[in-house]
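Please read the points below with the structure open beside you, and look up each residue as it is named. They are meant for someone meeting a structure of this kind in a first course.

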Amino acid sequence: MSNPVKADISVRELVEFILRSGDLDNRKQRVSQKAMAEGIRLHQKIQGSMPASYSSEVRFVQELTTYYKDKEFIIALDGRADGIIHLTGTEERLDYPNTELLFTEAEYVVDEIKCMYADVMKFDEPAGIHLAQAKCYAYMIMTDYGLDRVAVQLTYCNIDSEEIRYFTCEFSSEELMEFMADLLKSYAKWLYWEQDHKRQRDESVKSLQFPFNYRQGQKKLVTDVYLSILRKKKVYIEAPTGVGKTISTMFPAVKAMGEGLCSKVFYVTSKTITRTVANDAAAIMINAGAKLIPITLTAKEKLCVLEKPDCNPAACERAKGHEDRVNDAVYDLICHENNISRDIIRQYADKHMVCPFEFSLDVSLWCDIIIGDYNYVFDPDVSLKRFFNDSHSGSYMLLVDEAHNLVDRAREMYSASLSKEDVLAIRHHFVEREDIKKLFSSLNRKLLLLKKTCDKELTVIDYEENINLFSLAEKLYTKLSSYISDRKVKVPDEVLDFYFKLRTFVMTMGYYNINYNATAVMTDDDFCVSLNCMNPSERLAEFYQYHRSVAFFSATLLPVQYYMDQLGGSEEDYAVYAPSSFDPSKRGIFLATDVSCKYSRRTAEEFEKTAEYIIDMAESKTGNYLVFFPSYKVMNEVIGYLEGRVDMVVQKSFMTEEEREAFLDEFIAGPDTSKVGMCVMGGIFSEGIDLKEDRLIGVAIVGTGLPLVCEQTKMMQAYFDEINGHGFEYSYLYPGMNKVLQAGGRVIRTAGDVGIILLLDERFRTNTYKKLFPIEWNGCKLVNKNNARKTFGDFWQRMEDQNG
């Protein structure tokens, strides 16, 4: 027999994985920060009230041996029992509130304490998982002390009333040994599969070579990512289009995984197209011989068998008993499939009658590369809690693509609001539940009182001065949680929707600190209280602890210090610039010095001048062009001067997938006449589209991309002025320039591309903006209305001469 395989696992992880059972139920209460603190307080209060024969927080560590097929496994089982009771006589038994202890023959009792909001007095029996945890500790104390019998006590306590319900069970040493043997054997089959896969994977990765000839700067990028993993640092990478960011970050991460530096690679991004590119990069390495199992996670809405996802047994037959069946489904799939596509997930989910979305998340536990949206790592409502717990601290590699998008996404993820109209609308569902209805009414009155103090669309409010309002919201959430979890029939959709919003609001309350502000928002038909995450760095950093290293990369990560500040960087982290691999002479950068989109200069004269520049660009060489505007209003003003003079295709404010495709299909290779696409900066066509070679030969950018001056943006400026003195930069300048850089990045997508970028705003001449230009924009040429057409023509003539 070969050398034994060693593995570590906690008691809780083991029983929750092997003995999982029951239904999927999205109605279950989530524990807020306040409730968690109350639970801990009550937990400690119970322990502190026990007599001297009670020992709290007793840690057990044992190495246990089991076998599967031809393999021996030594499993280090680790855990901490809430309490151990040592009973040596009747008097000591009388000291305990649980009278059942009077009748146990066991000298030692394991106490497992669970504090919750549920009505514990209605419990008929302990939860199977809780009992299994206690039995593990009973087995461990039995073997440590050589006991014949051990009892377990399940202590359930209601957080509000502090009522306690006890369940007591007694087990012989034979029963406990049989229980543990079955548990370990069930786990060993998974370890066997994992060990065999890792062996094959690591051997194959050792000989894996970079699959392409290195472009300029690419080898340094690969090295920098690998060093960040080796040194356990975060790295922020500004890498222009064409460097090959995806393969250049994934390849060193896979090599590090093969060397045991990390156990898995997470690749997260905000766009479907970049997830596809990541999956393609994994496929390239697999085709080169790497034994990797990647998975691209699909949104719940796209996998769900229902018209609208509603994950509870009252609404979905697959939710009922899902936990009983899902482990068999996962083991079936991983033993028979290596290429895990969406169709494969659906096939096995249908076979085993499980939820395809939750099933895909469980399958990902056994994959090497997990590709998905940001929310799978960072969103507290969606994140893969299967991976992110204390036992996996520092064991993964995280790759964050299009990282400039994460700042706004994180602010959105970590913010929440409560609507007064929603409170009123849902209250009528509870006419027969006076206790719940009363809470709705009290919360509504608090919101009404606050509304009367607000005379603006948006008012920053003091959190502490309104603490009664927030406390009422938490009380209502607790009541609704109990009500919904007790219901055996389907809860109305509008009630569930409100409950989920309220849950997010209450969870967000637990994180309120200097990185947040609270606002009252008034509209024509509603009044809301919002908790706004202004600086997401602290919340994001909570998730970094699970990763050995994090690599953030984007073509527009400028200025890098801003992104390091907002994305949780430190002085010890690395900032890396990867030089462009493209010939700079093939890109013409032009800056118009006599036109501006500044708000005070948005006149007919400026709009007409802007239109003339666009015509000059389009007529300098026949081809396809995109023009990006700061708003639909400005775009429509300029269009008025272009109609009948250029062939245009115009972005609409709301476009279906088919309309988007039709828009892009207008940009054909080798057109007979110039085509000009009119778009809005920061919109659907300013990121994530690839019009390569002569499908796009020029981009014009009208204005500096500054966000609209509104109450929300002014609030953000005031916040950062107070925090760091950079309110204008953080709320206007940097977000605006990012939109400019993204728009400019639509042209020159491959080494063979040739094109021009035309900046139509004289403000770009100032140092404020020029210092934010990427290195590739050095050599920007100044033009005016008198010489623009000739200057553009000279550039194209030079390109023709170079090509012979």
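1. Leaving out residues up to four places away in sequence, glutamine 62 touches Ile75, Ala76, Leu77, Tyr139, Met140, Thr143 and Asp144. Please keep in mind, here and in every point that follows, that this is a predicted model. Glutamine 62 belongs to strand β2, which covers residues 54–68, and with a relative accessible area of 9% this glutamine is buried.

2. Which residues have the most contacts inside the largest nonpolar core? They are Phe359, Phe378, Val400 and Leu626, in a core that has 148 residues. Helix α4, residues 128–145, gives the most to this core, contributing eleven residues. As general background, nonpolar side chains in soluble globular proteins tend to be buried together. For phenylalanine 359, the residues touched, not counting those up to four places away in sequence, include His322, Val326, Ala329, Val330 and Leu333, and also Ile345, Tyr348, Ala349 and Val354.

3. Threonine 508 lies in helix α18, which spans residues 493–509, and it counts as buried because its relative accessibility is 4%, where buried means under 20%. When its neighbours within four places in sequence are left aside, threonine 508 is in contact with Tyr414, Ser415, Ala416, Tyr516 and Leu531.

4. The count of salt bridges comes to 41, and one of them joins arginine 409 to aspartate 373, with the closest N and O atoms 2.4 Å apart. Arginine 409 lies in helix α14 (residues 406–413) and aspartate 373 in strand β10 (residues 369–373), so this pair ties together parts that are 36 residues apart in sequence. Aspartate 373, at 11% relative accessibility, counts as buried.

5. Helix α14 also holds both members of another pair, aspartate 408 and arginine 411, which are three residues apart and therefore separated by about one helical turn. These two form a salt bridge in which the closest N and O atoms are 3.4 Å apart. Are the two partners buried or exposed? Aspartate 408 counts as exposed at 51% relative accessibility, whereas arginine 411 is buried, with a relative accessible area of 7%.

6. Arginine 601 and glutamate 606 meet through their side chains in a salt bridge of 3.1 Å, N to O. Arginine 601 counts as partly exposed, at 26% relative accessibility, while glutamate 606, with a relative accessible area of 6%, is buried. Elsewhere, salt bridges that share partners join Glu38, Arg41, Lys45 and Glu162 into one network.

7. Turning to the surface, Leu94, Leu102 and Phe103 form a nonpolar patch whose accessible area comes to about 340 Å² together. Leucine 102 has its place in the loop between α3 (90–94) and β4 (108–116), and at 32% relative accessibility it counts as partly exposed.

Conventions:
Residues numbered from 1 in each chain as written. Predicted model: local features only at pLDDT ≥ 70, side-chain atom pairs only at ≥ 80, totals over all residues. Heavy atoms only, no water. Patch = residues over 30% accessible without salt bridge, like charges linked within 9 Å, V, L, I, M, F, W, Y side chains within 5 Å. Areas by Shrake-Rupley, 256 points an atom, 1.4 Å probe, with all protein chains shown as cover. Salt bridge = Lys/Arg side-chain N within 4 Å of Asp/Glu carboxyl O. Helix = DSSP H or I, 4+ residues; strand = E, 2+ residues; numbered from the N terminus. Buried < 20%, exposed > 50% of the residue type's maximum accessible area, 1.4 Å probe, protein only. Contact = heavy atoms within 4.5 Å. Core = buried A, V, L, I, M, F, W, Y, C linked by side-chain atoms within 4.5 Å.
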